[in-house]
Amino acid sequence: MSEPTVAEATDSIYASLRANNADIDAHIAALKAALTREGIEQAVFDPTRLVQNNRSGRKLMQAYFRQRGVSVRFSAT
């Protein structure tokens, strides 16, 4: 089985967020591994695809991911 790309891992996180955070920690770990493999320092998320797209929700997401070793920023779409 091949390792997921950053894009695939990010899509899995969007799906997990829509499914009430089901398996979110496993998806974050996969994203962290993909970021390391691809030499990327930050995960970029589209705020319009988030379930809770407000400042509080984005800050909570950043804090949760940071605790798991993943730096998050949001695209300015």
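## The residue after helix α2

Just after α2, Gly 39 takes a positive phi of about 70°. Helices (DSSP runs of H or I, at least four residues) and strands (runs of E, at least two) are numbered from the N terminus. The model is predicted, so that local features need pLDDT of at least 70 and side-chain atom pairs count only at pLDDT 80 or more, while totals for chains, interfaces and linings use all residues. Residues are numbered from 1 along each chain as its sequence is written, and side-chain values use heavy atoms, with hydrogens and water left out.

## Helix α2

The 15 residues of α2 should span 21 Å at 1.5 Å a residue, and the end C-alpha atoms are 21 Å apart, which agrees. This expected span is 1.5 Å times one less than the number of residues in the helix.

Ile 24, Ile 28, Leu 31, Ala 34 and Leu 35 of α2 are buried, where buried means under 20% relative accessible area, exposed over 50%, and partly exposed in between (1.4 Å probe, protein chains only). Seen down the helix axis, the buried residues of α2 fall within an arc of 125°, so they line one face of the helix; the arc is that of the directions from the axis to the C-beta atoms. An α-helix has 3.6 residues a turn, so residues three or four places apart point the same way. Ala 26 and Thr 36, on the other side of α2, are exposed. The buried residues of the helix pack against α1, β1 and α3.

## The nonpolar core

The largest nonpolar core has 18 residues, of which Ile 13, Leu 31, Phe 45, Met 61, Phe 65 and Val 70 touch the most other members. At least two residues of this core come from each of α1 (6-18), α2 (24-38), β1 (42-45), α3 (55-67) and β2 (71-74). Such a core is a set of buried Ala, Val, Leu, Ile, Met, Phe, Trp, Tyr and Cys residues joined through side-chain atoms within 4.5 Å.

Not counting residues up to four places away in sequence, Phe 45 touches residues including Ile 13, Leu 31, Met 61 and Phe 65; contact means heavy atoms within 4.5 Å.

## Gln 62 and the whole chain

Gln 62 lies in helix α3 and is buried, with a relative accessible area of 16%. Leaving aside neighbours within four places in sequence, Gln 62 is in contact with Val 72, Arg 73 and Phe 74.

The chain has three helices and two strands, in the pattern α-α-β-α-β along the sequence. Of its 77 residues, 31% count as buried.
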